[in-house]
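Hi everyone, thanks for coming.

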Amino acid sequence: QALSLLNNSFTLRMADAFAQRLQNEHPGDVPRQIARALELAYGRPGTAQEQSAAGDFVSRQGLAPLCRVIFNSNGFLY
């Protein structure tokens with residue numbers, strides 16, 4: 001089920017839309033985009049460790065893939 005959720009076309013579209021929303025809310029401010037993503041997904045501010053790991057991930061993979069990771073995280077699903 002995890003792979004299905006991770007690669008499902010609906011999940012991909014929603015991750016792209018979420019990333020676009022974050023970019024529209026905070027253009028060019030990647031740290032704020034990450035902070036907002038964690039806040040919206042988890043209903044709380046992200047920890048320093050979460051923000052740091054997310055920042056490293058975004059620098060390598062991009063914002064939309066981070067959104068896919070967030071959608072598949074335990075904190076979001078449960």
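This is a predicted model: local features need pLDDT of at least 70, side-chain atom pairs count only at pLDDT 80 or more; totals for chains, interfaces and linings use all residues.

Let's start with a word we'll need: helices (H or I, at least four residues) and strands (E, at least two) are DSSP runs, numbered from the N terminus. Residues are numbered from 1 along each chain as its sequence is written, and side-chain values use heavy atoms, with hydrogens and water left out.

Is Ser-73 buried or exposed? Buried means under 20% relative accessible area, exposed over 50%, and partly exposed in between, using a 1.4 Å probe and protein chains only. Ser-73 has a relative accessible area of 15%, so it's buried. Its side chain reaches the backbone oxygen of Ile-70 at 2.7 Å. And Ser-73 is 32 residues away from Ala-41 in sequence, with 9.6 Å between their C-alphas.

Now Ile-70. Leaving out residues up to four places away in sequence, Ile-70 touches Ala-37, Leu-38, Ala-41, Tyr-42 and Phe-76; contact here means heavy atoms within 4.5 Å.

Ile-70 also belongs to the largest nonpolar core, which has 15 residues. A nonpolar core is a set of buried Ala, Val, Leu, Ile, Met, Phe, Trp, Tyr and Cys residues joined through side-chain atoms within 4.5 Å. Among the members touching the most others are Phe-18, Leu-22 and Ile-70. Helix H2 (9-25), helix H3 (30-42), helix H4 (48-61) and helix H5 (63-71) each give two or more residues to this core, and H5 gives the largest share, five.

So how do the helices pack? Axes are lines fitted to C-alpha atoms, for helices over the stretch in contact, and angles run from 0 to 180 degrees between N-to-C directions. Angles under 35 degrees count as roughly parallel, over 145 as roughly antiparallel, 65 to 115 as roughly perpendicular, and the rest as oblique.

H3 and H5 pack at about 25°, with axes 11 Å apart, so those two are roughly parallel. On the H3 side, the residues meeting H5 include Ile-34 and Ala-37.

H2 and H3 cross at roughly 125°, their axes coming within 9 Å, and are therefore oblique. Residues making that contact include Phe-18 and Leu-22 of H2 and Ala-37 of H3.

Key:
A polar contact is a pair of N or O atoms within 3.5 Å; within protein, one must be able to donate a hydrogen and the other to accept it, and residues adjacent in sequence count only if both atoms are side-chain atoms.
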